[in-house]
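Please look through the sequence and the coordinates below before reading on. The paragraphs that follow are meant to be read with the structure open beside them.

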Amino acid sequence: MTTEYKKPLPYIHSETKAYWEGAKAHELLIRKCRTCGRHHFYPRDLCPSCFSSDVEWIKGSGRGTIYSFTICHRPAPSFEKEVPYNIVLVELEEGVRMMSTVVECSNDDLEIGMAVEVVYDDVTPEVTLPKFRPVGRPARDRT
Amino acid sequence: MGALTRKAAIVGVGESDLGYTPDKTFLQLIAQATNRALDDAGLTKSDIDGLFSAGWLTMESIMVAEYLGIQPTYSDNTLSGGSAFEFHVEHAVAAISVGLCETALICYAETPLSDRKRGMARSFATGAPQEPEEQFEIPYGQWVPIPTYALAAQRHMYQYGTTSTQLAEIAVAARKWASLNPAATMRDPLTIDDVLASPMMSTPLRLRDCCLVSDGGGAVIVTTAERAKNLRKKPVWILGCGESHTHRSISGMPDLTVTPAKFSGERAFRMAGLAPSDIDLLELYDSFTITVLLQLEDLGFCPKGEGGRFVEGQRLAPGGQRPANTSGGGLSCLHTGMFGIFLLIEAARQLRGECGDRQVQKVKTALCNGIGGNLASSGTVILGVD
């Protein structure tokens, strides 16, 4: 990929640096509370369940299911060329939900409950976006 | 009855010019609506000592106070999105009941339609970089609000078998009410087939599942029970209120099929000492058809999951068993961005019997419910007349 990536990139700060560095290393890191044992997403330096600040990073399995999805026929700014594109909420095995995109799958084949696994899209030298693909599909070069 | 029941009443309501107002700023529209609400009440600006406003500019209530020439003893800039004005009613009744102010002005205007044509549209798609949604949602092409509501609609369909045809019933009912309202933007007949044939926006929501984009503003005046009895119009009593928010980003919504209206509604009904069967008229936030369906369930007008069947047969339309959104709502009357103030205005007018062709008969109680953000906040206000 030589073309410049023009879509929005995350503003990465101290609280979330480990998450994005994990993504760059192709790992999905999730916050887990050592006090109450619950996971949360997006990552915070505190547990939103019990308010403990004793939270650790764990390596997530990267597997989950589609909790909901939508096919956007109207684009967000800088996504004009992608229409129609999908946005999904993935429920990870750890019990938390995150927004992402499903790749290697036709929009028509998306369904709630579909098993998905994380793949990593190195969109810039600094930023990797975790995306998902249906479980059981052979790996394919991204085009 | 709750501590705030009948402690205060809505005594004046007014709207600015509505629809497309390219020659006016939002401050001019606020002044226009305020003047009309004061006139409706038989009050003057000097009577106002509480100011409640919500808008997207920094310290907007302070700006509004300067523009109108008001120095309030109580000031509230709560911005919970479209539900803000239902929140304001509760805050105003609380402030009035303990004497922090006597007469409250709740006011708001926006000009998104003119702003779009002027190339000055406020972007819903970009926030401050530090906002979690900017970091964890926007990079995936998320934008607010259509895809976020679409995610909720898709989940509801999956869990409960709700159909696009059932959602279309809501849009068609709104259009029938709008056809009876001279102030409504979209008054031509609309059929379920028309809704289903309208362009896809974000699956499963089509164009006619989505609200309009309009300019306009409104004002509501709330005062003490004592003062309310001696003004121009009959008091519209505030019987119960409740507010709640459960998340901000759609990823953080605990259950995509349950809005915080469940919690704000429970509080409002408890305060009013009423049940859904006691309510004659519904004014529900209709940013999207799915928004209405979720509120019907969460407020207890039908069991969870049965909203789709509930709205069939045009139950919400003129002549239906459960009249709702009688102005034509955000779907067919107008939508300025935060529709909640217009819910209160329409309910007050219906309760006073001022609605002409669209007047619902024998209305003694009305429930207004505002929803804000990504189904994030909900404010419920139950109103009644003697």
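This is a predicted model: local features need pLDDT of at least 70, side-chain atom pairs count only at pLDDT 80 or more; totals for chains, interfaces and linings use all residues.

Leaving aside residues up to four places away in sequence, V220(B) touches I10(B), V13(B), A37(B), F85(B), I106(B), I341(B), L344(B) and I345(B). V220(B) is listed with I10(B), I106(B), I221(B), V222(B), L344(B) and L383(B) as the residues with the most contacts inside the largest nonpolar core, a set of 145 residues. The largest share of this core, nine residues, is supplied by helix α7 of chain B, which spans residues 164-179.

Around these residues one can trace the sheet of chain B, which is open, has nine strands in the order β3-β2-β4-β7-β1-β8-β11-β10-β9, and shows mixed pairing. Its edges are formed by β3 (74-76) and β9 (281-284) of chain B, each of which pairs on one side only, and the twist from one strand to the next averages 25°. Helix α1 of chain B (residues 26-41) packs on this sheet, where it touches β1 (8-15), β4 (103-110) and β7 (216-224) of chain B, and its direction makes about 130° with that of β1(B). Elsewhere in chain B, strands β10 (residues 365-372) and β11 (residues 377-384) run antiparallel and are joined by eight bridges, with G370(B) having G379(B) of β11(B) as its bridge partner.

The axes of helix α3 (residues 84-97) and helix α14 (residues 340-352), both of chain B, come within 6 Å and cross at roughly 65°. On the side of α3(B) the contact is made by A84(B), F85(B), E86(B) and V89(B), and on the side of α14(B) by G340(B), I341(B) and L344(B). By class, five of the residues in this contact are nonpolar, one is polar and one is charged.

Turning to the contact between the chains, chain A gives 30 residues and chain B gives 27 residues. On the side of chain A that touches chain B, β4 (63-72), β5 (85-92) and β6 (97-100) of chain A each supply at least two residues, and the largest share, six residues, comes from β4(A). That side of chain A comprises 20 nonpolar, six polar and four charged residues.

Within chain A, helix α1 (residues 17-24) has Y19(A), W20(A), G22(A) and A23(A) as buried residues. Because the buried residues of α1(A) fall within an arc of 155° when seen down its axis, they line one face of the helix. Among the elements covering them are β1 (29-33), β7 (115-122) and β8 (128-134) of chain A. Just after this helix, H26(A) takes a positive phi of about 60°.

Some backbone details remain to be noted. Most residues other than glycine have a negative phi, and most peptide bonds are trans. Against that background, E104(A), in the loop between β6 and β7 of chain A, has a positive phi near 60°, and E104(A) counts as partly exposed because it has 15 C-beta neighbours inside 10 Å. Q314(B), in the loop between α12 (307-310) and α13 (329-333) of chain B, also has a positive phi, near 60°. The peptide bond joining V83(A) and P84(A) is cis, with omega about -5°, and P84(A) lies in the loop between β4 and β5 of chain A. In chain B, the bond from T203(B) to P204(B) is cis with omega near 5°.

Definitions and conventions: Residues are numbered from 1 along each chain as its sequence is written. Chains are lettered from A and ligands numbered from 1 in the order in which they are written. Axes are lines fitted to C-alpha atoms, for helices over the stretch in contact, and angles run from 0 to 180 degrees between N-to-C directions. Helices (H or I, at least four residues) and strands (E, at least two) are DSSP runs, numbered from the N terminus. Two residues are in contact if their C-beta atoms, placed from the backbone, lie within 7 Å. Ala, Val, Leu, Ile, Met, Phe, Trp, Tyr, Cys and Pro count as nonpolar, Asp, Glu, Lys and Arg as charged, and the others, Gly among them, as polar. Two strands pair if DSSP finds at least two bridges between them. A residue is buried if 20 or more other C-beta atoms lie within 10 Å of its own, exposed if 12 or fewer, and partly exposed in between; C-beta atoms are placed from the backbone. The arc is that of the directions from the helix axis to the C-beta atoms. A nonpolar core is a set of buried Ala, Val, Leu, Ile, Met, Phe, Trp, Tyr and Cys residues joined through C-beta atoms within 7 Å.
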